[in-house]
Amino acid sequence: MFKNKNDDKNNICGERVAELRMAIEPKCSQRQLAELLQLQGVDLDKNAIQRIECGKRFITDIEIQAFCRVFKISYNEFFGENNT
């Protein structure tokens, strides 16, 4: 089995997902975020969102694309990069 050597995290953007989710007004729960992603064609549930946010689950490029659409941000913004 693959063992990740990155501080036992399976993604680098889970904390960013949590940050963006909590910044949505009105507040957005993990369940509500999962429902919004399902409308984008990505089948994630509340438990998958929780595992992504705490770094226990890998995240695919398709899922990142859907997160960007839901949060209405660019890939650069998603990864916390400035355009300057």
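**Helix packing, salt bridges and backbone in a predicted model**

Q: What makes up the largest nonpolar core, and which residues have the most contacts inside it?
A: The core has 21 residues. Leu-33, Leu-37, Leu-44, Ile-49, Phe-67, Phe-71 and Phe-78 have the most contacts inside it. A nonpolar core is a set of buried Ala, Val, Leu, Ile, Met, Phe, Trp, Tyr and Cys residues joined through side-chain atoms within 4.5 Å. H1, H2, H3 and H4 each give two or more residues to this core. H4 has the largest share, 6 residues.

The model is predicted: local features need pLDDT of at least 70 and side-chain atom pairs pLDDT 80 or more, while totals for chains, interfaces and linings use all residues. Numbering starts from 1 along each chain as its sequence is written, and side-chain values use heavy atoms, leaving out hydrogens and water.

Q: What does Phe-78 touch beyond its neighbours within four places in sequence?
A: Phe-78 is in contact (heavy atoms within 4.5 Å) with Cys-13, Arg-16, Val-17, Leu-20, Ile-64, Phe-67, Cys-68 and Ile-73.

Q: Which residues of H4 are buried?
A: Glu-63, Ile-64, Ala-66, Phe-67, Cys-68, Val-70 and Phe-71. Helices here are DSSP runs of H or I with at least four residues, numbered from the N terminus. The buried residues of H4 pack against H1, H2, H3 and helix H5 (75-78).

Q: How are H2 and H4 oriented to each other?
A: Helix H2 (residues 30-39) and helix H4 (residues 61-71) pack at about 105°, with axes 10 Å apart. Roughly perpendicular covers 65 to 115 degrees. H2 and H4 therefore count as roughly perpendicular. Leu-33, Leu-36 and Leu-37 of H2 meet Ala-66, Phe-67, Val-70 and Phe-71 of H4. By class, that contact has 7 nonpolar, no polar and no charged residues.

Q: What makes the pair Glu-19 and Arg-16 a salt bridge?
A: The rule asks for a side-chain nitrogen of Lys or Arg within 4 Å of a carboxyl oxygen of Asp or Glu. Here N to O is 2.4 Å. The two residues are 3 apart in helix H1 (residues 14-23), so about one helical turn separates them. The count by this rule comes to 5 salt bridges.

Q: Why is Glu-19 called partly exposed?
A: Its relative accessibility is 48%. Buried means under 20% relative accessible area, exposed over 50%, and partly exposed in between (1.4 Å probe, protein chains only). Glu-19 therefore counts as partly exposed. Arg-16 does too, at 21%.

Q: How do you know that Arg-57 is buried?
A: Arg-57 has a relative accessible area of 18%, so it falls on the buried side of the cut-off. It lies in the loop between helix H3 (46-53) and H4. Arg-57 forms a salt bridge with Glu-63 (2.8 Å, N to O), and both residues are buried. Not counting residues up to four places away, Arg-57 also touches others, including Asn-10, Asn-11 and Leu-44.

Q: Are Glu-25 and Lys-27 buried or exposed?
A: Both are exposed. Their side chains meet in a salt bridge at 3.9 Å, N to O.

Q: What makes the peptide bond from Glu-25 to Pro-26 cis?
A: Its omega is near -5°. Pro-26 sits in the loop between H1 and H2.

Q: What is the phi of Lys-72?
A: It is positive, about 55°, although Lys-72 is not a glycine. Lys-72 follows H4, in the loop between H4 and H5. Its relative accessible area is 74%, so Lys-72 counts as exposed.

How values were computed: Axes fitted to C-alpha atoms, helices over the stretch in contact; angles between N-to-C directions. Parallel < 35°, antiparallel > 145°, perpendicular 65-115°, else oblique. Nonpolar A, V, L, I, M, F, W, Y, C, P; charged D, E, K, R; others polar.
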